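Here are some friendly notes to read beside the model.

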Amino acid sequence: AGTYLTGQLLLAMPAMSDSRFDGTVIYLCAHSPEGALGLVVNRLVDHINFPDLLDQLNIETDTPARQIRVHFGGPVETGRGFVLHSADYTQDSTLQVNDQIGLTASVGILEAIAQGDETPRHSLLALGYAGWGPGQLDHEVHANVWLQAPADDAILFDANIDSKWDRAVASLGIDISFLSSDAGHA
């Protein structure tokens, strides 16, 4: 039986050949024999902001109660919003990833965040997701395309996007210079 990485972070290694994932940190929301689904947590989209997104979804609000940034969750279904959040919030449609984290892909959670209603303590809004077919992620992990690391709230939810990859690697006690694809090329 393989090891399933639900609830873990995947860190793109320098060997990553897909430029869409270069330098990314992905939180794995689901991983099973059927495949895997994750969200990139360290990249923002530049073509839309939260108020624009609310307009597109016809969510009425004068000024959003919370200004949240819109992340690039991955290249699959980029028109669809996913909210990764602390487990203190749940709807019928929420996927409980584990005891700490949920994933909700409904308009209701966006309305709640916009209106400042019952909302999760921590949340991250992403458009699109990263998906893998059966066995595909396992193959990529074995090929050293991804490094796995434990997830924590700071890496998932804080606003310091640019340091998330470095912090996740550091949490493993690894010297980043050993991972550089430029090592030995002075």
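1. Rings of Phe, Tyr and Trp (its six-membered ring) pair if their centres lie within 6.5 Å; planes under 30 degrees apart count as stacked, over 60 as edge-to-face and the rest as tilted. On that basis, searching the whole structure gives three aromatic pairs. This is a predicted model, where local features need pLDDT of at least 70, side-chain atom pairs count only at pLDDT 80 or more, and totals for chains, interfaces and linings use all residues. Residues are numbered from 1 along each chain as its sequence is written, and side-chain values use heavy atoms, leaving out hydrogens and water.

2. Phenylalanine 82 and tyrosine 129 have ring centres 5.4 Å apart and planes at 80°, so this pair is edge-to-face. Both residues are buried (under 20% relative accessible area, 1.4 Å probe, protein chains only).

3. Tryptophan 132 and tryptophan 146 also pair edge-to-face, at 6.0 Å centre to centre and 80° between the planes. Their relative accessible areas are 8% for tryptophan 132 and 4% for tryptophan 146. Together with Phe21 they form one aromatic cluster.

4. Which residues touch the most other members of the largest nonpolar core? Among them are Leu10, Leu137, Trp132 and Trp146, in a core of 33 residues. Such a core is a set of buried Ala, Val, Leu, Ile, Met, Phe, Trp, Tyr and Cys residues joined through side-chain atoms within 4.5 Å.

5. In helix H5 (residues 164-171), the buried residues are Lys164, Trp165, Ala168 and Val169. Helices are DSSP runs (H or I, at least four residues) numbered from the N terminus. Just after H5, glycine 173 has a positive phi of about 75°.

Note on methods
Buried means under 20% relative accessible area, exposed over 50%, partly exposed in between (1.4 Å probe, protein chains only). Helices (H or I, at least four residues) and strands (E, at least two) are DSSP runs, numbered from the N terminus.
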